[in-house]
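Reader: I'm new to this and would like to learn how to read salt bridges. Could you walk me through them?

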Amino acid sequence: MAGIMAFGFYKVGKGIREQNELAREKMWSRIHLIPLLQAEEDRDLVRKHFADVAREKALLGTETSAYNGDRFVRPTFAVTPQHVTK
């Protein structure tokens, strides 16, 4: 009886080690795929950006800017809280 139990525990331990190894392999494969997936996403975002710029130029005739001018002007005011809590 003890021999059968020892053999069973041996097989269970081997199975647990195999599952750990498969999980480790899965993790490392995902780690190595992250740069490839990120590059694919970056290419997609660049393609969408240039399509948006081209669509904007076709609709408006010129490229527009979200700012009034090309130079940066530092704000001359700061908002401070009225009630200071400690």
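Reader: Which residue forms a salt bridge with Lys 48, and how far apart are the closest N and O atoms?

Author: Here's the general idea: side chains of opposite charge can pair when their charged atoms come close. A salt bridge is a side-chain nitrogen of Lys or Arg within 4 Å of a carboxyl oxygen of Asp or Glu. In this predicted model, Lys 48 pairs with Asp 44, with 3.6 Å between the closest N and O atoms. Both lie in helix α1, 4 residues apart, about one turn of the helix. Salt bridges with shared partners link Asp 44, Arg 47 and Lys 48 into one network.

Reader: How far apart are the closest N and O atoms of Arg 47 and Asp 44?

Author: For that salt bridge they're 2.6 Å apart. Arg 47 and Asp 44 are 3 residues apart in helix α1, again about one helical turn. Helices here are DSSP runs (H or I, at least four residues; strands are E, at least two), numbered from the N terminus.

Reader: Are Asp 44 and Lys 48 buried, exposed or partly exposed?

Author: Buried means under 20% relative accessible area, exposed over 50%, and partly exposed in between (1.4 Å probe, protein chains only). Asp 44 is partly exposed at 24%, and Lys 48 is partly exposed at 42%.

Reader: How many salt bridges does the structure hold?

Author: It holds 4. Among them is Arg 24 with Glu 21, the closest N and O atoms being 2.6 Å apart.

Conventions
Residues are numbered from 1 along each chain as its sequence is written. This is a predicted model: local features need pLDDT of at least 70, side-chain atom pairs count only at pLDDT 80 or more; totals for chains, interfaces and linings use all residues. Side-chain values use heavy atoms; hydrogens and water are left out.
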